[in-house]
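Please consider the following notes on the model shown here. They are set out as numbered points.

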Amino acid sequence: MASVSLLVNGREITADIDPRTLLVEFLREHLRLTGTHVGCDTSQCGACVVHIDGKAVKSCTALAVQVSGSSVTTIEGLANNGQLHPMQEAFRDNHGLQCGFCTPGMIMTSVAMVDRLGGDLDEATIRHELEGNICRCTGYHNIVKAVAAGAKAMTEGETLQAAE
């Protein structure tokens with residue numbers, strides 16, 4: 001057994017686990033944070049994307065012990081006091097989902113994209129940045145539209161907070 005200590009969605013977590021436990025397994029099976037999905041088992045689909053110390057990472061590619069000491073944010077940790085994150089609202093408002101299976105990974109990737117590149121994103125940039133996320137239901141049109149709207153809402157929110 002190996003000891004792992006993480007800050008997950010703002011909560012300190014310590015556990016003894018098999019050292020071969022993937023982060024996605026730890027989140028889903030040990031912590032019951034089932035919004036992080038396993039879609040392919042080959043690191044191709046992006047359904048398992050979480051933020052580790054603010055960076056988007058496919059949680060099926062990391063062992064939980066490798067990220068011990070880190071801060072992990074899952075889709076469940078984006079909402080704040082019951083209010084959806086602006087990117088979550090944008091996906092809802094712009095119909096950026098169908099079955100919803102890929103949506104948590106898409107949203108987590110999109111939030112990290114905006115954090116990294118800012119809110120003024122064109123369609124080509126959004127499509128390029130989402131290449132590691134697969135949706136089997138849509139043609140991506142509404143996903144791209146949702147990311148653009150979410151990016152704008154995220155940066156407008158920052159501007160409003162800075163002005164206050």
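1. By class, the lining of the largest pocket comprises 5 nonpolar, 4 polar and 5 charged residues. Here Ala, Val, Leu, Ile, Met, Phe, Trp, Tyr, Cys and Pro count as nonpolar, Asp, Glu, Lys and Arg as charged, and the others, Gly among them, as polar. A pocket is an open set of points on a 1 Å grid over the protein atoms alone, reached by a 1.4 Å probe, with protein on both sides within 12 Å along at least five of seven lines; lining residues have an atom within 4 Å of a point.

2. The model is a predicted one: local features need pLDDT of at least 70 and side-chain atom pairs count only at pLDDT 80 or more, while totals for chains, interfaces and linings use all residues. Residues are numbered from 1 along each chain as its sequence is written, and side-chain values use heavy atoms, with hydrogens and water left out.

3. The volume of the largest pocket is about 210 Å³, taken as the space filled by probe spheres set on the grid points, which are joined across faces, edges and corners. Of its 14 lining residues, A56, V57, T109, A112 and R116 lie nearest the centre. Both β4 (55-58) and α3 supply at least two lining residues, and α3 gives the most, with 5 residues. Helices (H or I, at least four residues) and strands (E, at least two) are DSSP runs, numbered from the N terminus.

4. T109 belongs to helix α3 (residues 103-117). Its relative accessibility is 11%, so T109 counts as buried (under 20% relative accessible area, with exposed over 50% and partly exposed in between; 1.4 Å probe, protein chains only). The T109 side chain reaches the backbone oxygen of G105 at 2.9 Å. Beyond its neighbours within four places in sequence, T109 is in contact (heavy atoms within 4.5 Å) with V49, A56, E129, L130 and N133.

5. G118 lies in the loop between α3 and α4 (123-129). With 24% relative accessibility, G118 counts as partly exposed. Not counting residues up to four places away in sequence, G118 touches M113 and T155. G118 and K152, 34 residues apart in sequence, are 8.9 Å apart in space, C-alpha to C-alpha.

6. Which residues of helix α2 (residues 86-93) are buried? They are M87, Q88, A90 and F91. Seen down the axis of α2, these buried residues fall within an arc of 160°, so they line one face of the helix; the arc is that of the directions from the helix axis to the C-beta atoms. Just after α2, H95 takes a positive phi of about 55°.

Note on methods
A polar contact is a pair of N or O atoms within 3.5 Å; within protein, one must be able to donate a hydrogen and the other to accept it, and residues adjacent in sequence count only if both atoms are side-chain atoms.
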